[in-house]
Amino acid sequence: MPLRPDPFKSNPTQSPCVRNCCLNGDDVCVGCGRTLEDIRHWTAFTPEQRTQALKAAKKRVEAFGSGPF
């Protein structure tokens, strides 16, 4: 099975959604690591805000110890 592209290395204008949407108790998606607020406001974020959200999401996914990466 081929690995999915790393959404944290992709163009920051694209959503890192991996279609594994499920929020944990902290309102963080266990699929992509974004907070509910990040997800809701993604289309309004500037490229800089998206880059910051991606960095934070990557750290969250790494902390989960799981995910598609």
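This is a predicted model: local features need pLDDT of at least 70, side-chain atom pairs count only at pLDDT 80 or more; totals for chains, interfaces and linings use all residues.
Is R34 buried or exposed?

1. **R34, burial.** R34 is buried. Its relative accessible area is 4%, and the cut-off for buried is under 20%, so R34 qualifies. In the chain, R34 sits in the segment before α1, the helix of residues 36-41.

2. **R34, surroundings.** Set aside the neighbours within four places in sequence. R34 then contacts S15, P16, C17, D27, V28, C29, I39, W42, A57 and R60. With S15, the side chains of the two residues make a polar contact at 3.3 Å.

3. **R34 and A56.** These two residues are 22 places apart along the chain. Their C-alpha atoms are separated by 7.6 Å.

4. **Helix α2, length.** Helix α2 covers residues 47-64, 18 residues in total. From first C-alpha to last it reaches 25 Å. That is close to the 26 Å expected at 1.5 Å a residue.

5. **Helix α2, buried side.** R50, A53, L54, A57 and V61 are buried in α2. Viewed down the axis of α2, the buried residues fall within an arc of 105°, so they line one face of the helix. An α-helix has 3.6 residues a turn, so residues three or four places apart point the same way. The buried residues of α2 pack against α1. One of the buried residues, A57, is also in contact with R34.

6. The face turned away from the buried side of α2 carries exposed residues: E48, K59, E62 and A63. Just after α2, G65 takes a positive phi of about 75°.

How values were computed: Residues are numbered from 1 along each chain as its sequence is written. Side-chain values use heavy atoms; hydrogens and water are left out. Helices (H or I, at least four residues) and strands (E, at least two) are DSSP runs, numbered from the N terminus. Buried means under 20% relative accessible area, exposed over 50%, partly exposed in between (1.4 Å probe, protein chains only). Contact means heavy atoms within 4.5 Å. A polar contact is a pair of N or O atoms within 3.5 Å; within protein, one must be able to donate a hydrogen and the other to accept it, and residues adjacent in sequence count only if both atoms are side-chain atoms. The expected span of a helix is 1.5 Å times one less than its number of residues. The arc is that of the directions from the helix axis to the C-beta atoms.
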